[in-house]
Amino acid sequence: MSQSACRSTHTGFWLGIGWLLLVLASGLAAPWLPVSFPPAVPDLLHMAEAPAWADSPVHWLGTDPQGRDVLTELLYGARQVVSISLPAAALATLVGALAGGAAGFWGNSGVRIPWAGWLAVVAACWWWLALPGRWTVSLSLICMAGLAWWMSRRLPPAKPSGWPIPFDSLFLGILTLLGAVPRLLIVLVFAAGPALETSQIVALLVLVAWPEPARQVRAQMLRVRELPFVEAARAAGLPGMRVWYRHALPHACQPLLATAPLSLAGLIGLESTLAFLGVGRPPDVPSWGNLLGTLQQEPGAWWVLASAGGALVLTLVALQQLGRQLLKRT
Amino acid sequence: MIPVGRWLVVQVGRAGLAAWAIASLVFLLSRLNTEKSIDLLLDETDSLHSTVLNAGEMKATQRQAVAQRLGLTEPLFYVTRTQHAGVVSWHWHGGHNQYHRWLTGLSHGQLGLSFRDGQPIGPRWWAALAYTLPLTGLATLGATAGALALGLALAGGPQATGPTGWRAALHLLLTGLQGLPLFALALGLLFAFANPDALNILPAYTDSATDEPWHQQALRLVLPVLALVLAVLPELTLLLASALSHELGTNYATTARAKGLTNKQLLRRHALPNAMLPLLTAFAGLLPTLVAGAVVVETVFALPGTGRLLAEAVMMHDYPVLVAGVLLTALVRLLALTLADALYVWADPRIRLVP
């Protein structure tokens, strides 16, 4: 690549970072910014007006068809990005890394639980659910568990006994289940009830977003667990949990660094699609998607499209750019 | 030789099982709290005629009537767990439960009754599919053709330096488009081509226009199809372009060049068949994506298709319509997987169907 092209990529990268920081700052500081109009309050004298910088107080970016100030809505809309999409992306990456890491590292036979343990778990479930014959069945199961434990103490087995937890099959099964339907549809179905709280929306987005990082971490973990340093850690006698958490997992999470920005971009798109469709949240919560949705009433409002659409597109492109740069560095 | 036969059965079986499981899960979750769904329904109707005297008594009879009409009085599942003063007991209901009725209805091709008006939802789905099938079908064709053309064009340049000139611009444009949410894309198209203040060359809104001549109706489909194509095109094109440039670096491509083939011949006759396989995998995911995209596109362009039906069901808390949507989308995915497997066998003669 020539030097000038390289420099222009760098300029673009830093511009992108600057824009993302601006969105972050306005999302965090929106309630304390000196805006002339409160959010979600219509200015009934000025409905769907293009920006005119002569009046006072000035609607810097015009008003939407419901008379709300576009600039205020944009600033408060950044709040949705910071309070919903960002935590959802972080949590989804975390959950995905742990689940995919566990499935890849232990597979279907890595963790064996002795028979006594399984019997005790079944007894506890029987007791907790109060299934028929609560006392007799759970007591006899506990007795059998005790017997199995005593037997295993008496006769030390030559090979590992017990029944393994099928981590990998469980993981792949859940992934197949969630992948059976596009994620927009899953979110729509779960959001079809009454309006959701912020934490519920975040949980919903995490539910549909975690499979992607999990699949990457699992694929990487299948390679990493065969590497000499993991074998060395096992040979040194470290417990399996410690090998997994301290040695294998940090390596297996390497690809996430580059894909986390893309996952965040996907969630911002999903969140604003929900706001655009008016699903899951009360209609007066300011967000970019909601603002763009007003275009359906007034298709000629170029200032709404330019400002809200521009903010959305800039954010997504900046995140893509960030992901690509991180991919190059790793 | 790869035993595709058994693999295909496993793949399709797994997808079918997942379709059944997710639809059942959504069905059971949506009816877990019957009281709340009846409340939501009554709230909607209350806002229509709100002059009710003696509200409490009316409400109770009304609730009973609604529950009776929609079959919500029966127990939800084969067994129920009840708790009375700390004593937990389990009841077995046999076939007299909502889930069993839903399953038997499905096996007879009945999708259930709408919560809104108590009408069967099957006919509504068929009417909506008459709009959505042409939309998604045309979008699939357009996206495939566009991806082939653009992918070949992108990979046709000199290999050593990477894309230059218009190819670099196209590459940049496609990567930019890739991350854009579909609704922003559709709004942009609406603004650019169906706007009374700017270019108004393509009609957008269908307002009870069933008696229009067919070419007018076809014109209305142009923008929605374009939006769907633009939403899925970048991924397919970039995938194909990278697969093609990988194939061009292989030994057989060098041999073909040494024989004196032109770049075009090499690309079409030798590289393209080998680069098709990753494209087919992406193709299996294309149909479900388009079904989900129809929700957004039909809302933006006001088309009365399945996507609009789903979006309205979400607004009206009409869960049976949503459950049917989940089931049908999962079945579409099943179909796409089977189709992709069949195309795999066609594209790669080394793969044989082994019984």
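**Note on a predicted two-chain model**

1. Start with helix α5 of chain B: the elements that cover its buried residues include α6, α8 (214-248), α10 and α11 of that chain. Helices here are DSSP runs of H or I with at least four residues, strands are runs of E with at least two, and both are numbered from the N terminus. Buried means that 20 or more other C-beta atoms lie within 10 Å of a residue's own; exposed means 12 or fewer, partly exposed is in between, and C-beta atoms are placed from the backbone.

2. Before going on, some housekeeping. This is a predicted model, in which local features need pLDDT of at least 70 and side-chain atom pairs count only at pLDDT 80 or more, while totals for chains, interfaces and linings use all residues. Residues are numbered from 1 along each chain as its sequence is written, and chains are lettered from A and ligands numbered from 1 in the order in which they are written.

3. How confident is the predictor about chain B? Its mean pLDDT (the predictor's confidence in each residue, from 0 to 100) is 82, with 87% of residues at 70 or more. For the model, ipTM is 0.86 and pTM is 0.87.

4. Back to α5(B). Its 34 residues (122-155) should span 50 Å at 1.5 Å a residue, and the end C-alpha atoms sit 46 Å apart, which agrees. That expected span is 1.5 Å times one less than the number of residues. The helix does have a kink of about 35 degrees, centred on B:L129; the bend at a residue is the angle between axes fitted to the seven residues ending there and the seven starting there. Among its buried residues are B:A128, B:Y131, B:L135, B:A143 and B:L154.

5. Chain B as a whole has 12 helices and 2 strands, in the order α-α-α-β-β-α-α-α-α-α-α-α-α-α from the N terminus on. Of its 355 residues, 32% are buried. Among its contacts with a separation of 6 or more, 71% are between residues 24 or more positions apart. Contact means that two C-beta atoms, placed from the backbone, lie within 7 Å.

6. Where do the chains meet? Here 42 residues of chain B are in contact with 34 residues of chain A. Elements of chain B giving two or more residues to that side include α1 (4-30), β2 (87-92), α10 (263-300) and α12 (319-347). By class, the side has 29 nonpolar, 10 polar and 3 charged residues. Nonpolar covers Ala, Val, Leu, Ile, Met, Phe, Trp, Tyr, Cys and Pro; charged covers Asp, Glu, Lys and Arg; the others, Gly among them, count as polar.

7. B:G179 is worth a look. It is in the loop between α6 and α7 of chain B and, leaving aside neighbours within four places in sequence, is in contact with A:A265, A:L316, A:V317 and A:Q320. B:G179 is partly exposed, because 19 other C-beta atoms lie within 10 Å.

8. Over in chain A, helix α9 (residues 228-235) is hardly covered, with 0 buried residues among its 8. Just after α9(A), A:G237 takes a positive phi of about 90 degrees. A:L327 lies in helix α13 (residues 302-329) of chain A; its C-alpha atom is 58 Å from that of A:G133, 194 residues apart along the chain.
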